[in-house]
Amino acid sequence: MNKEYRIQRYGHIRQGRISLNGIPRFESNETDFSIFIKSAYKNFDTQYPKFFKMDSLSKLALIASDVLLENENEKNIALALSNRAASLDTDRRHQKTIQDIENPFASPAVFVYTLPNICLGEISIRHRLFSENSFFIFDRFNADSLFEYANSLLANQKSEKVICGWMEFDQGKYDAFLYVVAKNGIFAHSIEEINRLYLTP
Amino acid sequence: MNKIYLSHSNIVSGFGFGSVSALEGIKKEVSDLKPMEDENILPHPFCSSRIADSLLQEAYGNLGPTEKHTRLEQLLLVSLEKTIAASQIELDDRVGLIVSTTKGNIDVLETDGPFPEERAYLSVLGKKIKTFFGFRNEAIVLSNACVSGILAIAVAKRFIAQGRYDHVFVVAGDLVTRFILSGFNAFQALSQEPCRPFCKTRSGINIGEVGVSALITSDRKHLADESVVILGEASCNDANHISGPSRTGEGLYRSIRAALDQSGLLAADIDYISAHGTATPFNDEMEAIAFNRAELQSVPLNSLKGYFGHTLGASGLLETIVGMHSLHQNTLFASKGFQELGISQPLAIIQSTTSKKLDTFLKTASGFGGCNTAVVFQKAGK
């Protein structure tokens with residue numbers, strides 16, 4: 001049946017702090033997300049102009065994946081992310097523009113981000129990942145489903161590694177947690193361990 | 001590994017309540033796409049396939065609901081009730097629920113609606129479906145753009161193969177809303193006439209609405225006559241552009257290759273392809289390139305968008321259910337709206353509905369975010 005897979009590393013972006021395996025990589029007192037994520041972009045010398053066209057959820061996902069994958073050579077990596085609010089932050093923006101009495105026209109640049117899996121597309125483009133993509137919605141972080149799904153992808157040779165996690169942006173609040181599941185790694189791949197790492201920024 | 005099947009299913013569409021009415025319409029090569037005027041949706045006329053409110057209210061009322069549900073919830077409940085009843089499965093802790101949608105109850109963001117904004121959260125939608133039927137497990141909501149409905153079948157298979165569930169009910173739906181139509185209109189992607197997938201004169205998509213549901217199971221005791229085995233499935237990203245399809249069909253090609261590899265079949269073993277075929281110039285061209293790269297250009301192929309429009313998060317499941325019946329009836333359904341090949345590579349578009357012995361089919365879908373999914377099915381037999 002299932003082989004024992006391992007978690008290689010994990011990263012967080014939460015409350016002005018970006019960390020990898022619990023070690024801070026960038027910290028800021030800035031409470032406004034757009035200013036905070038831009039300063040992180042500059043701090044890491046990201047040099048990816050597309051970043052500035054993205055919505056908040058994709059900006060969060062892009063920086064989180066950059067930190068997680070900075071020394072990664074494997075390209076056959078699946079993505080299985082989840083959140084609570086889907087793309088509602090951008091959905092509200094789109095809804096506002098089409099309800100504008102003076103100028104009720106949608107912007108294609110906003111509308112395209114009204115899907116949560118767009119952030120998977122942005123990660124895939126950035127890191128050249130031609131692999132499995134799935135976006136799930138749960139009302140809270142759900143380690144059980146991600147655990148089963150990652151095991152299934154690896155056991156069926158859908159990819160060499162899987163990036164799983166939680167990518168939430170809603171009404172200015174953000175919470176990103178990503179981890180890499182593979183054949184080898186320092187952390188156990190178990191529901192208990194995933195929940196522990198989620199709570200250990 | 002044990003085989004996993006797509007079994008009992010239901011389609012609620014503009015054709016009527018139940019798969020039979022939709023299949024009768026398709027068999028007669030009748031489209032449900034009609035020109036419409038509705039200023040709450042778009043300031044100018046548009047072409048769509050929608051479900052009549054009066055009929056939906058009646059069918060929903062017959063379920064004896066004890067709380068108020070949104071229009072989308074009503075649609076999903078009405079469809080799923082039929083599938084659960086036909087399946088005769090007790091909803092114990094071995095039964096999963098997957099809800100596939102791109103936008104869920106997005107219409108509650110409109111300022112004058114009776115439901116609170118909280119209802120736009122997809123997990124709330126999942127909870128409403130779960131609670132109504134008394135599922136023991138939380139709903140898994142999948143929102144992966146236009147591949148959601150077909151990816152949901154792959155995800156259900158994976159959870160069953162992992163031993164988490166014995167059976168999974170998948171329910172899928174999206175509504176025709178101002179939110180969606182104004183967005184596609186801004187992309188200048190909407191056709192004012194019924195769409196013409198793969199045709200030289202194609203001029204864009206129509207958005208339609210359906211509620212569909214199906215049982216995925218590993219238990220042969222719960223198979224329908226038309227059941228198919230889910231042989232192989234894969235989902236690959238283009239890693240190219242978030243709103244434009246890859247010029248080389250990369251993600252779709254890789255998805256097809258990987259799904260075929262897992263199925264153990266060769267391209268030559270596929271009897272029929274149910275393509276995505278949205279009728280936008282770029283999408284259909286991309287699919288033609290991917291199918292040719294996969295050496296599937298001679299396999300009879302249709303797009304069902306000419307009957308229902310693009311039903312977004314439901315389309316993959318809807319079109320798979322129709323494909324399953326196509327196999328069962330040994331009938332290739334015409335690709336409605338097609339007249340003359342309008343892509344740079346050859347494809348065997350089904351021009352009129354014909355009888356043919358069929359055993360296997362490939363379903364594909366592609367969507368925003370560069371996502372693509374391919375699934376290979378085969379008749380389950382008795």
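Reply: Helices (H or I, at least four residues) and strands (E, at least two) are DSSP runs, numbered from the N terminus. This is a predicted model, where local features need pLDDT of at least 70, side-chain atom pairs count only at pLDDT 80 or more, and totals for chains, interfaces and linings use all residues. Side-chain values use heavy atoms, with hydrogens and water left out, residues are numbered from 1 along each chain as its sequence is written, and chains are lettered from A and ligands numbered from 1 in the order in which they are written.

Me: Is Thr102(B) buried or exposed?

Reply: Thr102(B) sits in the loop between strand E5 (95–100) and helix H4 (122–133) of chain B. Buried means under 20% relative accessible area, exposed over 50%, partly exposed in between (1.4 Å probe, protein chains only). Because its relative accessibility is 5%, Thr102(B) counts as buried.

Me: How many salt bridges are there between domain 1 of chain B and domain 2 of chain B?

Reply: An automatic or database domain assignment sets the bounds, giving domain 1 (5–222) and domain 2 (228–379) in chain B. A salt bridge is a side-chain nitrogen of Lys or Arg within 4 Å of a carboxyl oxygen of Asp or Glu. Lys157(B) and Glu233(B) form a salt bridge, with their closest N and O atoms 2.9 Å apart. Between domain 1 of chain B and domain 2 of chain B, the count of salt bridges is four.
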